[in-house]
There are 2 protein chains.
Amino acid sequence: MERISSKTVYEGRIVDIRIEEFRYDDGETAEREIAVHPGAVGIVAHDGETLYLVRQPREAVGEPALLEVPAGKLDVEGETPLECAQRELGEEIGMKAASWSELKRFYTTPGFAQEEVTLYLATGLEEIPGHEPDPDERLELVRWPLADLDAAIEECADSKTLIGLLLLRQSLG
Amino acid sequence: MERISSKTVYEGRIVDIRIEEFRYDDGETAEREIAVHPGAVGIVAHDGETLYLVRQPREAVGEPALLEVPAGKLDVEGETPLECAQRELGEEIGMKAASWSELKRFYTTPGFAQEEVTLYLATGLEEIPGHEPDPDERLELVRWPLADLDAAIEECADSKTLIGLLLLRQSLG
């Protein structure tokens, strides 16, 4: 499969939209509408007793506050996904982690969007002294007991958070 | 939180883009760029021995064939998510199921898109005689041994499929 043409038809704040034409190995061609997205990271952060989640308004889906892992877009030039995750953990919940490992990479909705999410497990947590949350983010920090992980999975309606918590559930046995 | 304005800035084949303004309970306002999407369904179908998956080109993410559960958009007027799932199971893998249950509802990427996915578990499978796959869909049916579920989770890079397979993994113990 090769891309034979690409035309940007919308330039937005989070996504651009491109109409692209592809040729398959058998010679047939097809046009696709693609939402171009820089990708994102999500962080499953816990200290063995508490899971650090956030609630954040999600206007796109009409939900006042979805339960999610700390996360962010790869919107800083030159930053790696791990560096982005380390920055977001600090900005969103005011913590740093001694240990980072990659849990999974996946596409949120590969039928129309490029967005790839890299999920990390962050442990060895330590509070950053003097951290002030960004009031523009409208983030509420949620300290969720790790013993109630199944209830978080039940409530959660965000794909990256569900995948992160289900993988954590599996690793905890 | 209430929506106080909405303007469509792009009308596409899969998504429209709207710029919407919201007012929060504290009186502050914010603009958001939202990809309007009809929603989708995914089907975790197995017969106790075999899991029925598909491989399909995903041009948006540059992957020639992603391993996925059968799935489809809610693009038929008046069709419920369950009816859509039953139709897609027939169209994509030529099967019907005696037993359907809802596994989970979630948003694929609530930071910018409306898309909600309803995942179903379909069991009591039976082949539809004379089924011919749609050549335009470029779908390859994959009969995956249920005993190798962990390997499917390892390979999978599609959010709805990962969530469905991880929930199945948890229910099988």
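In strand 9 of chain A, the bridge partner of A:Ile43 is A:Tyr120. This is a predicted model, where local features need pLDDT of at least 70, side-chain atom pairs count only at pLDDT 80 or more, and totals for chains, interfaces and linings use all residues. Residues are numbered from 1 along each chain as its sequence is written, and side-chain values use heavy atoms, without hydrogens and water.

**The sheet in chain A**

- Strand 4 (residues 40-45) and strand 9 (residues 116-127) of chain A pair in the parallel sense over six bridges.
- Strands here are DSSP runs of E, at least two residues; helices are runs of H or I, at least four; both are numbered from the N terminus.
- Two strands pair if DSSP finds at least two bridges between them.
- An open sheet of four strands in chain A runs in the order 7-4-9-8, with mixed pairing.
- Its edge strands are strand 7 (71-73) and strand 8 (95-107) of chain A, each pairing on one side only.

**The contact between the chains**

- Chain B and chain A each bring 55 residues to the contact (heavy atoms within 4.5 Å).
- The rule finds six salt bridges across the interface of chain B and chain A (a side-chain nitrogen of Lys or Arg within 4 Å of a carboxyl oxygen of Asp or Glu).
- B:Arg32 forms a salt bridge with A:Glu59, with the closest N and O atoms 3.1 Å apart.
- Helix 3 of chain B gives the most to the side of chain B that touches chain A: seven residues.

Definitions and conventions: Chains are lettered from A and ligands numbered from 1 in the order in which they are written.
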